[in-house]
Amino acid sequence: MARPAGSDLETSQGKTSIADAVVAKVAGLAAREIPGVYGFGGGAARAFGAITERLPGARTSSTQGVSVEVGDRQAAVDLTIVVEYGVAVAELARATRRNVIGAIEQMTGLQVVEVNINVVDLHLPGDDSDDQQQDQAPARPTNRVQ
């Protein structure tokens, strides 16, 4: 029998809250696992990330192109991604959505109410001019979670 999502986060012994940044990181890492997802964010964000990762000791941000809204028991995720040329976008979105939902629900106990995927660019083999694209963030509805 399935337990209601979020039931492990609030017990008689106390309440567990999970920061937006934690959920965003889980979502970003889960989305990166899917073959065909080339990168995250719009062009300006990717250009900044490319510069940052060239600095000694710097790391690529696992939350670039990921925004989340987290409530007490639910979460909603928006991903802005770049897809590799030749990949079926609908199948990629389905696999990404499934992986992100599974990872967040398993790791946090939150119920994922939606994962919106905004494909902003197509990466062609040998194409390194991604930094010339405009940064585009998806419009996010408010009050999606409880």
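This is a chat about a predicted protein model and some of its residues.

User: What am I looking at, and how are residues numbered?

Analyst: It is a predicted model, in which local features need pLDDT of at least 70, side-chain atom pairs count only at pLDDT 80 or more, and totals for chains, interfaces and linings use all residues. Residues are numbered from 1 along each chain as its sequence is written, and side-chain values use heavy atoms, with hydrogens and water left out.

User: How many helices and strands does the protein have?

Analyst: There are three helices and six strands. Helices (H or I, at least four residues) and strands (E, at least two) are DSSP runs, numbered from the N terminus.

User: In what order do the elements run?

Analyst: Starting at the N terminus, the order is β-β-α-β-α-β-β-α-β.

User: What share of the residues counts as buried?

Analyst: 38% of the 146 residues. Buried means under 20% relative accessible area, exposed over 50%, and partly exposed in between (1.4 Å probe, protein chains only).

User: And what does the accessible surface come to?

Analyst: About 8800 Å², with 49% of that belonging to carbon and sulfur atoms. Accessible areas come from the Shrake-Rupley method with a 1.4 Å probe, and for residues only the protein chains shown count as cover.

User: What share of contacts is between residues 24 or more positions apart?

Analyst: Among contacts with a separation of 6 or more, such residues account for 78%. Contact means heavy atoms within 4.5 Å.

User: Now the helices. At what angle do helix 1 and helix 3 pack?

Analyst: Helix 1 (residues 20–32) packs with helix 3 at about 140 degrees, and their axes are 8 Å apart. Because of that angle, helix 1 is oblique to helix 3. Angles under 35 degrees count as roughly parallel, over 145 as roughly antiparallel, 65 to 115 as roughly perpendicular, and the rest as oblique. The axes are lines fitted to C-alpha atoms, for helices over the stretch in contact, and angles run from 0 to 180 degrees between N-to-C directions.

User: Which residues make the contact?

Analyst: Helix 1 brings Val-23, Val-26, Ala-27, Ala-30 and Ala-31. From helix 3 the residues include Thr-96, Asn-99, Val-100 and Ala-103.

User: Let's take Thr-96. Buried or exposed?

Analyst: Thr-96 is buried, at 1% relative accessible area. Thr-96 sits in helix 3, which covers residues 89–108.

User: What lies 2.7 Å from a polar atom of its side chain?

Analyst: The backbone oxygen of Leu-92. Not counting residues up to four places away in sequence, Thr-96 also touches Ala-31, Ile-34, Val-37, Leu-79 and Ile-117.

User: Change of topic: where is Gln-74?

Analyst: Gln-74 is in strand 5, residues 74–84. With a relative accessibility of 11%, Gln-74 counts as buried.

User: Which side chain does it have a polar contact with?

Analyst: The side chain of Gln-111, at 3.0 Å. A polar contact is a pair of N or O atoms within 3.5 Å; within protein, one must be able to donate a hydrogen and the other to accept it, and residues adjacent in sequence count only if both atoms are side-chain atoms.

User: What about Val-77, buried or exposed?

Analyst: Buried, since its relative accessibility is 0%. Val-77 is in strand 5. Leaving out residues up to four places away in sequence, its contacts include Ala-27, Val-66, Val-100 and Ile-104.

User: How far is Val-77 from Gly-28?

Analyst: Their C-alpha atoms are separated by 9.8 Å, and the two residues are 49 residues apart along the chain.

User: You mentioned Val-66. Which strand is that in?

Analyst: Val-66 lies in strand 4, residues 66–70. Val-66 is buried at 12% relative accessible area.

User: Last one: what is Val-83 in contact with?

Analyst: Leaving aside neighbours within four places in sequence, its contacts include Gly-36, Tyr-38, Val-89 and Leu-92. Val-83 is in strand 5 and counts as buried at 0% relative accessibility.
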